[in-house]
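Please open the model in a viewer and keep the selection panel at hand.

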Amino acid sequence: MFVSSFHTGGVLAGAGRDERRTENSETDFYNSILCTPTPAPLAPSLSVHALVPGDISSVSALGAPASHRDEAARVVARVSELLSMFNPDVGTQKVEDSAEQRTLLEEVKEISQHLSQVTEDATAVVQGVEEALLLIQNQLRRSLVHVAVWSGPEEQDSSCECLGNERVNRRLRQATLLKTLQDSLGSLVEDEKWHSDEFSVLMQPVPVITESVNSVSDVNSIALQLWTHMLQVSSLQGSEVTASPPLHIPCPTPERPYLRTHMNSPPDREQRAHGGAPAALDPVFGTDIPCTERSPSTSTPTSVHAVRPADVRVVAAVGDSLTAANGVGAKADNLLLVITEYRGLSWSIGGDANITTVTTLPNILKEFSPNVTGFAVGQGKENKPEAFLNQAVAGAKSRDMVGQVRIVVDKMKTDPRIDFHNDWKVITMFVAGNDICDFCTDSIIFSPRNVIGHIRDALDILHKEVPRAIVNLVELFHITPLRELHQDSTLGCPSWFVKLVCPCILKPNEGSAELQKVEEFNRAYQKAMRELVDSGRYDSHENFTVVLQPFFREVFLPKTEDGRPDRSYFSPDCFHLSQKAHTLMARALWNNMLEPVGNKTDTQDFTQGIDLKCPSETSPFIKTALNSNYTFAGPPTVPPPVTNWGSDFSCVDTAPSESVPTSVHRLRPADIKVVGALGDSLTTGFGAKAKNLLQLRTEYKGVSWSIGGDKALETVTTLPNILRKFNPDLKGMSLGQGSTRSKFNMAVSGAKIAGIPAQVRRLIDAMKSDASVDFENDWKLVTLFIGGNDLCQYCNDRASLSPEKYSLHMRTSLDLLYDEVPRVLVNVLEILQIDGLRRVKGDSLGCSVLQQFICTCFLTPSDESPELAEIKRINQELQVETEKLVYSGRYDGREDFAVVTQPYFKNSIVPVNADGRADTSYFSEDCFHFSERGHSSMAAALWNNMLEPVGKKQTFNNFTDARNDLKCPTKEHPYIFTKVNSLPSETTSTPPPLSSTTPALPDPSTAPPDPPKCPDSAVPVWLSPVLGVAGLLLGCGATWLVLSCRAKNEKKTGKALEMRGTMF
């Protein structure tokens, strides 16, 4: 049995390090997350079906392959932590502890080795698991066994060239293999022979899927998932569980106090992972054709702009699984049917039956041109004869279009049914869905420029080699609305399955930087397709054109009458589309073809239905740019070079308060009279305007994001230059280069947190001695940004650079300001997520050599190394320590003092250029420090954070560099936000919820006191092993072979473009 509740980088990870952890507010916070201990049972449970968590004394894991054994051990440790909420003496059973256990491990290991060789025989796998269960049942009494299908990260193997050319969607194959094994094992454990008073076996309803053996968050999520499905909490059964914020640990309830077994759960205890009610399929998929004008041209047209629907003789299509029609014909809620390709039902190329029962583009065209050919019928892969000119491949990406197009062209040239030179052809290309699903794995390979480059290459082949053709380029659909299907747990959608098939879309949290990047890439793909066609590149002769069909640009998810997403439009995986959706897609494509270019429908609300349009006597042709009187925009214009990094200012209300405020919670921007800054080289402006290595050491303090005052906002964006729009008499900003005009910029290049108290002392002394400053009455704004050097050198001195010491020095610094500076608002920026800087590369000496020496602890460890995992964890802990200290209540005692964390660096995003590579224009000559452009973006993000309420601040910087990005105070809230004025009632001092830091699981040493220990006799030795089965098959079995070889093949294909991604 597994139990888990730990989460990296969250508020609980460092709870024990804060000296104030005994305060009531923190205790209440723990109590709101952790389960309340239940009273010890009066007598040991005599039945496995009446076990409560406190009965469990030992946890172990069996069956994991060697490559995942360490990870399984970590999961067991997390499970033990969760069980310790109920039984503090619970232990992790190690197989080495006794000869008997060692024998059991050896037995199960032999089974594992046998199963790993049976790569595609699920029956043999189930038989082997059955043998293992019998062994456990015979040798261990009082055991509750949870069987979990385990799928580990893919591994590369050089010995499987036999699978290298198999063109399959490896993720779809992996998901279906998982589902097959899940169902087979589920049937096995339902056998009554496994269920007695002292022994029971239960199937975990959701597979365990890991992505990285070194990912702490992966381990935590797995443990929490296993724990959730061990309980009798029916509302969570069968659903997917993650350890993402807000952290919620499910607990036993008085009504359902036991650990779940086959016998004590209700009959409907397991809503299967693909569960939910079967999709209500529409029995009618035909379409009435109301068109009266169906005649062909009097003679075969010679111009592509004079082609009628009845003139079309050939149809063809290229694309991915949506054109291959995966799962379209599934008549039951069977997830395994998604791998079946129902090509005859495909919206753009299917030819099954006729228009009265199956609506597809070819079936519509048959009503105008009965002899049309090229369509697919039946089921099967693209290489079957029935597929004909449907050469779409499940899992295909834009880079596969050239190969598909060449096959289509060869088939058209050689097939006797086609007059290649004289027949008019309609070819439909719909692709890039899998590119957007994978873009987060490599933003270079899947950059908009590269994706559209592949599409352009394929269209160029058609343009050059295929006469008399109209190509429909269907614009990529807006994909993020599909997330709604997986946010409503009542629909029973298999989110684990879709996360394997399309990880970059489903995994990001709502409001996250990652999700915003999805939107940006999605829109960039769409825009690139429009620009390609709008360039006029494919209208150079009369017998060929490409027309963009944009009906999928904006998609409104179909809803039922109760407002829930309508599953009937989707196949059983809630991702691929059903025949009901394909019917409407075919109608929408047909209508787009008859709509003039420049005035085509670009939104699709399936719920409203789609009426079929018809050609008319006045408009009988398939629409092209020329017969629509559309003028191509031509290639996109190149923007003029940027001459400065200033910003536009649009705020209207710039007046100060009517009288000088006495409360920091009533502070307007114009009330600020003095600015100051503390920090390191990022605040000194180190190398910000450097154009060579010689200038790199220069401190350009006048353009420093938080304290610089060079020129004006129109040409230099800094926080003081923004504030000067409200108060032109602002004092304290630094100017120029070097230290001569630093004013109240006390930052020191190379500084660590230990040096900040000294900087604070110098700042206080400087302000007191400056005749232009009224120290007692002027409102001051001080910005503190520190920690980069602590993190970069952490591996060299873990003791003095620990998160605990970081918090201590931060507290000392803030205490000085709190004790000695009147009327001050302090901005504390959380340390940036440095991991992304590993992806910033440049072809220069500074970038290739100096960068490594600047931050060795973060930049030199190899990917997936323990050293890198450690430094990432410390990075997150420093963020957590900062936020925890600031909102501890320590600094809430003065009305004229406030400290606020500005968290836009928490989830950093490396800016990318059009190629998807890191945009080095944001960085100085060493590819580490920020350039003036980077400082400008940091200043705008800081200002915007100041105008966002605490708890709702943006936790990332998207580096848009738009000149009009600056927010303005509003009439409703003209003040700079503090913790107090962010709350609904400004009289309370209760700390707000921490912004989206991922909570961590409690450290046993810092958690609330354990419940009283019960006498040993009150806790029977219930051993709860979890048999991690999927490791036997997946990761080292069939899926491992199929997927690793496919990955290797794909890696070769993209070798010319392959670089590390630049998004993090």
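**The open sheet**

Begin with the open sheet of four strands, whose order is 7-8-9-10 with parallel pairing; strands are DSSP runs of E of at least two residues, numbered from the N terminus, and two of them pair if DSSP finds at least two bridges between them. The model is predicted, so local features need pLDDT of at least 70 and side-chain atom pairs pLDDT 80 or more, whereas totals for chains, interfaces and linings use all residues. Residues are numbered from 1 along each chain as its sequence is written, and side-chain values use heavy atoms, without hydrogens and water.

Select 312-319 and 544-549 next: these are the edge strands 7 and 10, each pairing on one side only.

**The aromatic cluster**

Now select W705, F785, Y904, F905, F923 and F930, which form one aromatic cluster. Rings of Phe, Tyr and Trp (its six-membered ring) pair if their centres lie within 6.5 Å; planes under 30 degrees apart count as stacked, over 60 as edge-to-face and the rest as tilted. The whole structure holds 21 aromatic pairs. Y904 and F905 make a tilted one, at 4.7 Å centre to centre and 35° between the planes. F923 and F930 are stacked because their planes lie at 20°, with ring centres 5.5 Å apart.
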